[in-house]
Amino acid sequence: MSLWSAYKGLSANARLGVGVGILAWGAIGLYLSDRAEEKFGFTPSEQDKEALEKYKPKIHVVERDDPGSRR
């Protein structure tokens, strides 16, 4: 029996509970990961942020003339 078929075999209330549980687990993980990062000293320094900024893609907007547009 696959995991999907076992999930589909649950009642509607049980599936709702599983879904809410997974969402709660994710929210708790996001909340606690920031706290753990601070506790263990893994917060990024300004130098780290500047180094990361070099690799972030830059978006340049270029306007073009559209012959079909009415202005």
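This is a short tour of a predicted model, stop by stop, with what to select and what is there.

Residues are numbered from 1 along each chain as its sequence is written. Because the model is predicted, local features need pLDDT of at least 70 and side-chain atom pairs count only at pLDDT 80 or more, while totals for chains, interfaces and linings use all residues; side-chain values use heavy atoms, with hydrogens and water left out.

**Whole chain**

Start with the protein chain in cartoon view. It has three helices and zero strands, in the order α-α-α from the N terminus. Helices (H or I, at least four residues) and strands (E, at least two) are DSSP runs, numbered from the N terminus. The radius of gyration is 24 Å, well over the 11 Å that the globule rule gives for 71 residues, so the chain is more spread out than a compact globule. That radius is taken over C-alpha atoms, and the rule is 2.2 Å times the number of residues to the power 0.38. Along its principal axes the C-alpha trace spans about 55 × 50 × 25 Å.

Switch to a surface. The protein chain exposes about 7,300 Å², with carbon and sulfur atoms supplying 61% of it. Accessible areas come from the Shrake-Rupley method with a 1.4 Å probe; for residues, only the protein chains shown count as cover. Buried residues make up 0% of the 71. Buried means under 20% relative accessible area, exposed over 50%, and partly exposed in between (1.4 Å probe, protein chains only).

Select Tyr-7, which lies in helix α1. Tyr-7 is partly exposed at 28% relative accessibility.

Next take Leu-10, in the loop between α1 (3–8) and α2 (12–39). Leu-10 has a relative accessible area of 35% and is partly exposed. Show Val-18 and Ile-22 with Leu-10; together they make a nonpolar surface patch of about 250 Å². Patches are made of residues with over 30% relative accessible area and no salt bridge, like charges being joined within 9 Å and nonpolar side chains (Val, Leu, Ile, Met, Phe, Trp, Tyr) within 5 Å.

**Helix α2**

Select α2 from end to end. At 1.5 Å a residue its 28 residues should span 40 Å, and its end C-alpha atoms are 40 Å apart, which agrees. The expected span is 1.5 Å times one less than the number of residues.

After α2 comes Gly-41, with a positive phi near 80°.

How many salt bridges does the count come to? The count is two, a salt bridge being a side-chain nitrogen of Lys or Arg within 4 Å of a carboxyl oxygen of Asp or Glu.

Select Glu-46 and Lys-49, whose side chains meet in a salt bridge at 3.9 Å, N to O. They are three residues apart in helix α3 (residues 46–55), so about one helical turn separates them. Glu-46 is exposed at 54%, and Lys-49 is partly exposed at 43%.

Finish with Glu-53 and Lys-56, a salt bridge with its closest N and O atoms 3.2 Å apart. Glu-53 is partly exposed at 39%; Lys-56 is partly exposed at 47%.
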